[in-house]
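Please read the following points with the model open beside you.

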Amino acid sequence: MNDNDAVQTGQGKRASGILLHPTSLPGRYGIGDLGDAAYSFADFLAGSGVGIWQVLPLGPPGFGNSPYQSYSSMAGNPLLISPDALAMEGLLAAEDLAAAPVLDQDRVDYDTAAAVKWGLLRKASANFMAGEPGPLRSEFAGFCEREKGWLDAFAEFAALKELNGGVGWTGWSAYSGAEPGELLTQKFVQFLFFRQWEALRKYCNTIGIRIMGDLPIFVAHDSADVWANPALFDLDGGGLPKTVAGVPPDYFSETGQRWGNPLYRWDVMEETGYRWWIERMRASLRQADLVRLDHFRGFEKFYEIPGGAVNALKGRWVEGPGDRFFAAMAKALGGLPFIAEDLGLITPEVLALRERWQLPGMRVLQFAFVNESADDPFKPHNFVRNCVVYTGTHDNDTTLGWFRDTDSKSTTRTREEAEAERRRALAYLDSDGSEIHWDFIRAAVSSVADTAIFPLQDVLGLGSEARMNVPARAANNWRWRFREEMLEPGVGRRLLELNRLYGRAPERLQ
């Protein structure tokens, strides 16, 4: 790694970040979006001395509304488009917004939000198509040309999925016949998403905030990626996965996790020079300043589960692409501005792969108190500079919920084990437990790790009711939202004080 790579990843510069997916932002349309609330949150970060906004994958969510089961690894989520911003550009009328119902502001209501927002998006698209040629028309044409490598296939996939009643592509009765107008609408909606996202990212960068994206290692079977590129995936003659991804039994599940994503034909990927992966990573880096590689472990060895298996008990570990893959990425991208999600069953070979490419790994404080070992890598005194420490992730309970153990069924630990972990945490942090979330944040911020990140739920001191995801639970995930009044000034001042104290605030705020 050269000096330019270090600048790309931010290594050597202490910073803190907050994890918040845009769906959790406040607003009236049943789901957070890229409107005024997103800019207000960016201002809150900047004023608190926070330098990184971490988001989850930004694609259109599929099964279970999961951002990790997207209909496309390169498209954007239409539900994140701000209708208010469209009205400001004249693509919607004030009466269009007034007619839209005020939806649930405490939890994401995916189905109702989709119905309301798609109605507005189709109206905006129709207004655009009926309008006079102008700068926006040429901007849209440029977008279609620049992104045609994935956009044409995605628009056709989305249109055909709509034509076939929303079922997965292997169940389609019609594989052609998408209306040209619908194809154009799908492309225009993507144009709107990326136009709003790029404007938000540019604003964040101007006030000193970097965006950290998230790139899932696997893609959903019901996606434009698999539908348009079946030869790259381990499928049978009918297009169904012969093998699927997951992980063996672990902290979260006694039967493992059967994710269901089709596995790659890595031999075919290598024959093409990893072209699909290179384009995917380039697309991710157009959306973010640095990117978390989800399930980094799978690049060294991945867990292969028979396609017909109901759980992950009968899987096996298979050799991944390893160094050949990262050599191709480094050559094509000119550097590797990535963070390795190296959690779970990690072997010396996985750590060696990460070290060879000098990628920062992850440390999660909630895992630091599972045992009494002083050598535990999750304990702050064992951190290295080139890592990212989290109080918890989107898959964990909130820190307060973890401490209270109100959601113990989401892990395999017993009540006795939970109590032992609490005792170890209190002793290690010299805490009385009254503000355990701030004790965790202070431990992260004060550590030697170059980057410290915490979910907004931990900053706000929320319990299990604010949890984002429970692994292995198929429904009722990804729904948490906060209200604007929760970001009261005292929270920002407290964060700023910690960031100043431990050298993570930008120079202008020191």
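1. The second largest pocket is lined by 20 residues, and those nearest its centre are Tyr71, Ala114, Trp118, Lys161 and Glu162. On a 1 Å grid over the protein atoms alone, a pocket is an open set of points with protein on both sides within 12 Å along at least five of seven lines; a cavity is a set where a 1.4 Å probe fits but cannot get out; lining residues have an atom within 4 Å of a point. Helix H5 (110-130) and helix H7 (148-163) are the elements that give two or more residues to this pocket's lining. Helices (H or I, at least four residues) and strands (E, at least two) are DSSP runs, numbered from the N terminus.

2. The model is predicted: local features need pLDDT of at least 70 and side-chain atom pairs count only at pLDDT 80 or more, while totals for chains, interfaces and linings use all residues. Residues are numbered from 1 along each chain as its sequence is written, and side-chain values use heavy atoms, with hydrogens and water left out.

3. An open sheet is formed by 8 strands with parallel pairing, in the order S9-S6-S3-S2-S1-S12-S11-S10. Two strands pair if DSSP finds at least two bridges between them. Strand S9 (338-340) and strand S10 (361-364) are the edge strands, each pairing on one side only. Strand S6 (residues 290-293) pairs with S9 in the parallel sense over 3 bridges; Arg292 has Ile339 of S9 as its bridge partner. Helix H11 (residues 275-287) packs on the sheet and touches strand S3 (210-215), S6 and S9, where contact means heavy atoms within 4.5 Å.

4. The structure holds 6 cavities of 30 Å³ or more. Grid points are joined across faces, edges and corners, and a volume is the space filled by probe spheres set on the points. The largest cavity has a volume of about 270 Å³. Its lining has 27 residues, with Pro57, Leu58, Ser73, Asp214 and Pro216 nearest the centre. S3 and H11 are the elements that give two or more residues to this lining; H11 gives the most, with 4 residues.

5. The second largest cavity has a volume of about 130 Å³. It is lined by 16 residues, of which Leu19, His394, Pro455, Gln457 and Met468 are the closest to its centre.

Key: Axes fitted to C-alpha atoms, helices over the stretch in contact; angles between N-to-C directions.
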